[in-house]
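The following note sets out points on the model for a reader who is new to structural description. Please keep the sequence and the three-dimensional view at hand while reading.

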Amino acid sequence: MAQLSDDCFAFGGPMMSVDEAVGIITSRVTAVGETERVALVEADGRILAHEVAAPLALPPFTNSAVDGYAVPASDLPRDKERALPVAGRVQAGASGPAAKSGHAVRVFTGAPMPEGTDTVFMQEDVRIDAAGQVVLPAGLKAGANVRPAGEDIPIGTIALKAGRHLRPQDIALAAAFGLTELDVTRRIRVAVFSTGDELAFPGTARGAAQLFDSNRFMLMAMLRRLGCEVSDLGILRDAREPLAAALKGVASRHDLILTTGGVSTGEEDHVKAGVESAGSLVLWRMAIKPGRPVAMGIIGGTPFIGLPGNPVASFVTFVHVVRPTVLALSGAVPAPFVPMPVRAAFAYRKKSGRREYVRATLRRAEDGVLEALKFPREGAGLLSSLVDTDGLVELDETVTKVEPGGRVGFLAYANLL
Ligand code: AMP
Ligand code: MG
């Protein structure tokens, strides 16, 4: 288990930008370091622990890229078509005889190139004459329609780097090398609590002044998408000592403790006090909307993150604080989000000096350009605003207004989770 020092999240500045937050997390959170070997079918979404160097060239042997006729370059017709007798036939998976000089060999896609040949005429480009010879058109370049051994990946190349978040195509590559298993970092164990006297468990009776706890389910689902092993620890009531005891109690079994709610600076915000008595805590006043503040702490060497209670703030801060923490714990090399440029179909004003995320839907305008449509309302408590939109328009610290028709960067939810 990665042990962090109590001052790991200490931060000097008055307001912290999103980039500073990610920078601190990436540089100060140490990876858990334990790895496990999993079958390829289990490897999707996991973090690769060690680099994979190609044990085999891809393709492993030179082969035909098409169904057709293989010839040596010396037999290529230069200015006018030429008829050659066909001798031999090689299917994919078979190996054929060496080519006879002055003859073509019938070959199929994926078949090894017959010895002595280096160029393939596509079957669509030839005809068979009355004598059964293949008539080859002039003008084909030597080496055409052939896939040389190693053209995809030469043997020994570092094909997959350590820290990579494995995708289906990466797994295909491992299989193409003949591997059956990959070493991945072990799943990050995360303890999740909601906090608040007003929360009721879905499925139980709800008091008149209560609402059903929804954040915990959103956060657990987001964590699972990051490959975490999640402990659902229910709801903590707004009381300092039981809260402190519960947090302390789970620290040793988890790599990260995550809570939602109770971290503003109101007198009923008990998470702050609870974490302070269980370990150490700093409130990160992040220059982000929706979102601030986020509580960062260490309890018994285990990192603690207290997200805001408002669902949209909770969602956005998860993406920018929890996600990088989980990735750092799992030894993943973080890939920065790349917003897609789209046209704004809305007007918006914001303060400079903070990053804002505007919930938006994409649509294709009549001129074919992709446009972002802002969700009509802005409250950080509106779950419908997350449900009914496709992603977030990211407005940088320097931006103060958006005009309809202007260009903005869009981050699809699918890329954030
Ligand atoms: P807090 O951060 O505790 O001050 O909560 C801010 C707002 O978010 C309040 O309206 C809470 O009722 C709401 N809230 C807090 N936790 C949750 C939760 N787990 N699910 C849904 N809403 C929540
Ligand atoms: Mg609360």
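1. An open sheet is built from 6 strands in the order S17-S14-S18-S22-S21-S19, and its pairing is mixed. Two strands are said to pair if DSSP finds at least two bridges between them; strands (E, at least two residues) are DSSP runs, numbered from the N terminus, as are helices (H or I, at least four residues). Strand S17 (229–236) and strand S19 (280–284) each have a single partner strand and stand at the edges, so one side of each lacks a neighbour in the sheet. On average, neighbouring strands of this sheet are turned by 20° against each other, direction ignored. Such angles run from 0 to 180 degrees between N-to-C directions, and the axes are lines fitted to C-alpha atoms, for helices over the stretch in contact.

2. A word on the basis of this note: the model is predicted, local features need pLDDT of at least 70, side-chain atom pairs count only at pLDDT 80 or more, and totals for chains, interfaces and linings use all residues. Residues are numbered from 1 along each chain as its sequence is written, chains are lettered from A and ligands numbered from 1 in the order in which they are written, and side-chain values use heavy atoms, with hydrogens and water left out.

3. Strand S22 (residues 302–307) is mostly covered, since 6 of its 6 residues are buried. Buried means under 20% relative accessible area, exposed means over 50%, and partly exposed lies in between (1.4 Å probe, protein chains only). Thr 302, Phe 304 and Gly 306 point one way from S22, while Pro 303, Ile 305 and Leu 307 point the other way; all are buried.

4. Which strands pair with S22, and in what sense? Strand S18 (residues 256–260) is parallel to S22, with 4 bridges, and Thr 260 has Leu 307 in S22 as its bridge partner. Strand S21 (residues 294–299) runs antiparallel to S22 and is joined to it by 5 bridges; here Ile 299 stands opposite Thr 302. S21 and S22 form a hairpin with 2 residues between them, and Gly 300 in the turn has a positive phi of about 55°.

5. S18 also pairs with strand S14 (residues 189–195), in the parallel sense and over 5 bridges. Val 192 has Leu 258 in S18 as its bridge partner. Is Thr 259 buried or exposed? Thr 259 counts as buried because its relative accessibility is 1%.

6. A nitrogen atom of ligand 1 is 2.7 Å from an N or O atom in the side chain of Asp 213. A nitrogen atom of the ligand is also 3.1 Å from a polar backbone atom of Ser 214, and an oxygen atom of ligand 1 is 3.3 Å from a polar backbone atom of Asn 310. Taken alone, ligand 1 exposes 480 Å², of which the protein buries 76%; accessible areas come from the Shrake-Rupley method with a 1.4 Å probe.

7. Some backbone features deserve attention. Most residues other than glycine have a negative phi, and most peptide bonds are trans. The peptide bond from Leu 58 to Pro 59 is cis, with omega near -15°, and Pro 59 is found in the loop between strand S2 (52–53) and strand S3 (63–64). A cis bond also joins Lys 289 and Pro 290, with omega about -5°. Asn 145, a residue other than glycine, has a positive phi near 60°; this residue counts as partly exposed because its relative accessibility is 24%.

How values were computed: A polar contact is a pair of N or O atoms within 3.5 Å; within protein, one must be able to donate a hydrogen and the other to accept it, and residues adjacent in sequence count only if both atoms are side-chain atoms.
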